[in-house]
Every structure is written in C-alpha cells, then in structure tokens.
Amino acid sequence: MMLIKNCGKVFTMGKDRVLENVDVLIEDGKIKEIGKNLSVESDVPTIDGTDRYVYPGFVDGHCHLGMFEEGIGFEGNDANEMTNPVMPELRAIDAINPMDLSFDEALQGGITSVATGPGSANVIGGQFTSIKTAGNRVDDMVIKEVIGMKCAFGENPKRVYNSKGQTPMTRMATASKLRESLFKAKDYLDKKERAEDDSKKPSFDIKNEALIPVLKGDTPLKAHAHRADDIYTAIRIAKEFNVRLTLEHCTEGHLIADELAKEGYPAIVGPTFGNRSKYELKNKTFDTPKILQEAGVKVAIMTDSPVIPLQHLNLCASLAARAGMDRYEAIKAITINPAEILEISDRVGSLEVGKDADIAIFDGDALDVQNHVLYTIVNGKIVYQK
C-alpha cells in the first residue's frame with residue numbers, strides 16, 4: 001500500500017477531470033481509491049501531496065526507446081534493418097535494451113509508458129510494442145506486445161533505397177510495395193482458411209503470417225506520413241484493404257484537418273521541436289495539434305525519441321499549448337489520448353480505480369517547464385525521486 005496525501009490537484013484525465021485536495025490510495029500496484037481524508041493504517045508509506053500536481057504517468061505514443069541507444073553508433077542502432085524494404089516479421093521486443101540510459105531519463109520526466117518500435121527506413125518496418133519504462137527485463141515491462149505494424153511513406157524509404165540503387169525510389173513504388181505485401185498476405189490467409197486440412201495449407205511464410213493480424217483488424221498500420229499527399233496515400237491503401245490505421249507524425253495534418261476529421265483516424269503528432277531536417281517538414285508547426293484537435297481528430301503528441309529526448313514530452317505539450325491548444329487537451333495528448341489510440345487505456349493513461357498506479361507528481365503545473373517531477377511511480381512503486 002501507499003498513500004499520496006492531500007494532493008493539491010489530481011488530473012485524473014477521466015470523468016472527474018481535475019480534483020483538488022484529495023488523497024490517492026494505491027494497493028497491489030493499482031489505484032484503489034481517490035477521495036478526501038482516506039483512512040489507512042499508520043505504517044502505510046505516505047507521500048505529502050500538499051500543493052503538488054498529480055498526473056497519470058505520461059504516455060509517448062511513438063518513439064524508439066531502447067532501439068537507438070544513447071551515445072552509441074552502429075553498435076546501439078537496432079531500429080532499422082535496411083536490407084529489405086518489406087520486413088513485417090521484425091519485432092521491436094527483440095531489440096529493446098531496457099538498460100539504456102534513456103529509460104532513466106524517461107522516468108525523470110514522468111514518462112511511464114511508451115510505444116516503441118522500428119524506424120521508417122523500410123516500407124514495412126515491423127511490429128511496434130508498448131512497454132513500461134521501469135524494469136530491466138523487457139518481457140516483464142510489456143503492456144501489449146503488438147500495438148501496430150510500422151509502415152512508412154514519403155522521403156525515408158525513397159532515400160534509403162535510392163542509395164542502394166533498388167526499389168522503392170519513388171512514392172509510387174513505396175505504395176506498390178505495401179499493396180503487394182498486403183495482397184500476398186490476403187491470398188495466403190484465404191488459402192489457409194479454405195484449406196480442408198493441414199496438407200492443403202500454403203507453406204509457412206513468416207512475412208505473411210506477421211501481416212495476418214493487420215488484415216483481420218487486430219493490429220493497425222502505424223503509418224509514418226508527414227506530407228498531406230502521403231497521409232492520403234496511407235488512408236487510400238487502408239481503405240482498399242479495409243484495415244485499421246493510425247497516422248504517425250501527420251506534420252501537414254493542419255492543412256487538411258477537416259478532411260482528416262471526416263476520415264476518423266487518430267493522429268500521433270511530432271516530433272515538432274527542432275529543425276526541419278528534410279524537405280517534407282517544411283510546414284512543421286506547433287499549431288498542428290490544436291488545429292487537428294479542434295477539427296475533431298483524436299490527437300496525441302510524440303517525441304519520436306531520440307529525435308526529441310523522451311524526458312521532454314511535457315515540453316512538447318507545453319509548446320502546443322503556447323500555440324493555442326487548450327491546456328487540458330494538451331495534457332490529454334500525452335496521457336489518455338495516446339493510451340486510447342494504442343489500446344492500452346484499460347491500464348494506463350488516467351488515474352481511475354482499478355488502473356495501474358503509474359503516477360507523475362510535479363511541484364507545479366507540468367506544462368510550466370520550470371517545474372520538476374518530484375516522484376515517478378510505476379505499478380505502485382517509486383522508481384524515481386528527485
């Protein structure tokens with residue numbers, strides 16, 4: 001058990017929104033109760049929450065935590081297998097190093113859950129996973145092992161494979177590679193399901209097997225797309241195959257916000273802080289989250305760590321708020337919204353009874369970057385204390 005006593009403000013991110021001067025009781029790694037003057041035995045560890053701001057542990061909906069290791073070159077780069085543009089069989093869980101320094105820094109920033117996975121060098125890069133940021137064995141840190149199949153549009157696959165003198169070197173070829181892969185997987189699945197016995201089934205194919213959950217709607221395509229035309233291509237292909245989709249980066253989403261709202265796909269926006277490192281980022285702006293959210297798109301904010309260091313996720317939300325996004329919506333974009341988009345909101349993203357006790361306690365408003373994380377709690381245990 002643990003009690004956080006007399007919290008100044010508790011941002012539940014649930015139906016109660018913000019509660020003042022309440023206690024948060026934790027038991028067996030879960031939120032047991034939130035209310036005033038909760039009674040516990042005298043030996044229960046207690047944190048004084050007076051004047052403190054208490055949030056659900058922050059959730060980064062798109063990063064590469066543990067896959068681009070800090071301060072290491074090739075030896076620590078395990079996010080992009082740049083030998084074949086179509087590699088759906090790759091699994092993030094096999095490349096994550098939870099001993100990397102960036103995990104400690106994440107906890108110092110109040111980030112307790114992330115979606116991490118392959119980069120965007122390939123048309124199909126492999127399976128993203130969701131993990132907690134505390135632990136030393138990734139198998140024990142997993143929230144949901146497969147939360148998306150990474151695919152990429154635009155400049156990145158073009159640049160990588162142009163340097164090798166092979167396809168895809170155009171946006172046309174990128175789209176055709178994705179279509180071809182989905183067609184093959186669909187044909188493979190149809191033959192498996194029509195087979196009267198095992199002897200009639202097609203020979204095992206690991207690439208096709210990896211895409212079956214996408215075709216069945218169990219796993220969305222997690223589509224890297226910055227430019228408006230690339231966003232529309234991702235949507236076009238998702239509709240062709242009747243598969244689910246999340247829009248990753250969505251840099252020019254503000255230019256087509258009304259259309260995206262009609263389509264109904266969520267957007268995980270960023271990394272917005274930093275320079276425009278390539279041409280397709282020319283319209284990058286912190287206005288994007290506000291414009292998308294006000295149009296009716298469900299928005300999360302990402303760091304794309306290590307592009308932006310993961311511990312600065314709240315800085316990104318703060319800059320979105322400075323650009324006009326409602327402050328509560330900015331907090332939602334790093335808590336409950338990414339949790340819902342990643343389909344892990346049954347456990348994380350809000351402070352509600354029965355959910356995991358993942359909590360970030362600040363000495364003030366988390367969107368004021370002068371303030372500090374005092375405690376980070378994961379699964380009911382203090383994992384960082386300033």
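Reply: Accessible areas here come from the Shrake-Rupley method with a 1.4 Å probe, and for residues only the protein chains shown count as cover. On that basis the accessible surface of the protein is about 16300 Å², and carbon and sulfur atoms hold 45% of it. The model is predicted, so local features need pLDDT of at least 70 and side-chain atom pairs count only at pLDDT 80 or more, while totals for chains, interfaces and linings use all residues. Residues are numbered from 1 along each chain as its sequence is written, and side-chain values use heavy atoms, with hydrogens and water left out.

Me: What share of the 386 residues counts as buried?

Reply: Buried residues make up 56% of the 386, where buried means under 20% relative accessible area, exposed means over 50% and partly exposed is in between (1.4 Å probe, protein chains only).

Me: And what about the radius of gyration?

Reply: The radius of gyration, taken over C-alpha atoms, is 21 Å, which agrees with the value near 21 Å for a compact globule of 386 residues; the globule rule is 2.2 Å times the number of residues to the power 0.38. Along the principal axes, the C-alpha atoms fill a box of roughly 65 × 50 × 40 Å.

Me: How many helices and strands are there?

Reply: The protein has 11 helices and 16 strands, where helices (H or I, at least four residues) and strands (E, at least two) are DSSP runs numbered from the N terminus. Of the contacts with a separation of 6 or more, 67% are between residues 24 or more positions apart, a contact being heavy atoms within 4.5 Å.

Me: On to pockets, then. What volume does the largest one have?

Reply: Its volume is about 460 Å³. A pocket is found on a 1 Å grid over the protein atoms alone, as an open set of points where a 1.4 Å probe fits, with protein on both sides within 12 Å along at least five of seven lines, and lining residues have an atom within 4 Å of a point. Grid points are joined across faces, edges and corners, and the volume is the space filled by probe spheres set on the points.

Me: Which residues are closest to its centre?

Reply: Of the 26 lining residues, Ser 120, Asn 156, Lys 278, Asp 304 and Val 307 are the closest to the centre of the largest pocket. Helix H3 (residues 155–162) gives the largest share of that lining, with 3 residues. By class, the lining divides into 9 nonpolar, 12 polar and 5 charged residues, with Ala, Val, Leu, Ile, Met, Phe, Trp, Tyr, Cys and Pro counted as nonpolar, Asp, Glu, Lys and Arg as charged, and the others, Gly among them, as polar.

Me: How about the second largest pocket, what's its volume?

Reply: The second largest pocket has a volume of about 290 Å³. It is lined by 13 residues, of which Gln 108, Gly 109, Gln 311, Asn 371 and Val 373 are the closest to its centre, and this lining divides into 5 nonpolar, 7 polar and 1 charged.

Me: Which residues other than glycine have a positive phi?

Reply: Among them is Asn 21, with a phi of about 55°; Asn 21 belongs to strand E2 (residues 18–27) and is partly exposed, because its relative accessibility is 41%. Glu 343 is another, with phi near 65°, and lies in the loop between H11 and strand E14 (359–362), where Glu 343 counts as partly exposed because its relative accessible area is 37%.

Me: Last one: is Thr 112 buried or exposed?

Reply: Thr 112 counts as buried, because its relative accessibility is 0%. Thr 112 is in strand E7 (residues 111–116), and, leaving aside neighbours within four places in sequence, its contacts include Gly 57, Phe 58, Ile 131, Asp 358 and Val 378.
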